[in-house]
Amino acid sequence: METVHKKVSTDEVQIERKLEFSTFYRLHHWVRVLSIIVLMVTGFYIAAPYVSPAVTPEPTNFMNALFRSWHVIFGFVMISMFIGKTYYFLFVKSDRAEINSVKDLFSLKNWSKQIGYYFLVTKHPHLTGAYNVVQFMAYTAFYFMTIGLILTGLILYVHVYHQGIGGILYDSMRHLEVMLGGLANVREIHHLLMWGVILFIIVHIYMAVFNAVYGKEGSIDSIISGYKWHEKH
Ligand code: HEM
């Protein structure tokens, strides 16, 4: 931990630099950002093709297949990030900052202070872990939307690729497909969940900027550098 002296008007405030996000955490965040961008661009195309290939007499412009293969490639990147992140959250002993946030969810005082903070009427509550209660709930919702996208994505996938993973998952995914009301429904759910993710991203970026401006702890920088700045008491 590193301490620096900063002059703020007439008061001397000591702030210290604390490692908030590990290398794995930051890397997985940006890999997911890239994957979600690719999945949205290609997903919108699959839903309603918005570009057409150059006209040529050769039947070689399989543009739909190209978009779908990039979608599937980054779909599997998302799946691997999901597995890695779940393992990290639950089992990595050296970083308990995320899982420690669960404790705050059971404190009514914490909830009211946090909501008050967002309305600019109370001070930020003390956090036991890395996330505040509202943030934690939003990330949980995102986690479940990701599970939904992965499962519906895999159902769509086994209809297109019948070998390898597609073959292994075929029977179980067909059962799930029936439970979800058929393939047309699955496609609709997959699409709607994408809009859920879009909503999450808009709120996530707004809140990140809000916290960076009002918290003055370098919270946006921290997802690149790993470090946040805290006032020393
Ligand atoms: C953030 C994550 C994801 C987003 C935003 C997304 C978005 C979309 C969208 C919008 C569609 C078109 C649905 C329609 O026709 O209306 C689609 C189709 C599809 N997605 Fe995803 N998806 C995601 C994750 C995944 C994952 C994890 C997989 C698993 C491999 C996957 C596999 C597929 C497949 C196979 C199709 C159908 C392709 C076809 O019809 O040929 N997606 N996705």
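This is a predicted model: local features need pLDDT of at least 70, side-chain atom pairs count only at pLDDT 80 or more; totals for chains, interfaces and linings use all residues.
On the α2 side, the contact is made by V72, G75, M78, I79 and F82, which meet T146, I150, G153 and Y157 in α4. By residue class, this contact comprises 6 nonpolar and 3 polar residues, with no charged ones.

Helix α2 (residues 63-91) also packs with helix α1 (residues 23-47), here at an angle of about 150° and with the axes 9 Å apart. That angle makes α1 roughly antiparallel to α2. The crossing of α1 past α2 is left-handed. Contributors from α1 include F24, H28, V31, R32, S35 and V38, as well as Y45 and I46; among their counterparts in α2 are F67, R68, W70, H71, F74, G75 and M78. The residues of the contact of α1 with α2 divide into 13 nonpolar, 7 polar and 3 charged.

Attention now turns to the ligand. A total of 26 residues surround the ligand, and the closest of these are G43, A47, G75, G153 and L156. Of these, G75 also takes part in the contact of α2 with α4, as does G153 on the α4 side, while G43 belongs to the α1 side of the contact with α2. Helices α1, α2, α4 (133-158) and α6 (183-215) each supply at least two residues of the shell. This shell consists of 18 nonpolar, 6 polar and 2 charged residues.

Notes:
Residues are numbered from 1 along each chain as its sequence is written. Axes are lines fitted to C-alpha atoms, for helices over the stretch in contact, and angles run from 0 to 180 degrees between N-to-C directions. Helices (H or I, at least four residues) and strands (E, at least two) are DSSP runs, numbered from the N terminus. Angles under 35 degrees count as roughly parallel, over 145 as roughly antiparallel, 65 to 115 as roughly perpendicular and the rest as oblique. A crossing is left-handed if the near helix is turned anticlockwise from the far one by less than a right angle, and right-handed if clockwise. Two residues are in contact if their C-beta atoms, placed from the backbone, lie within 7 Å. Ala, Val, Leu, Ile, Met, Phe, Trp, Tyr, Cys and Pro count as nonpolar, Asp, Glu, Lys and Arg as charged, and the others, Gly among them, as polar. A residue is near a molecule or strand if its C-beta atom, placed from the backbone, lies within 6 Å of it.
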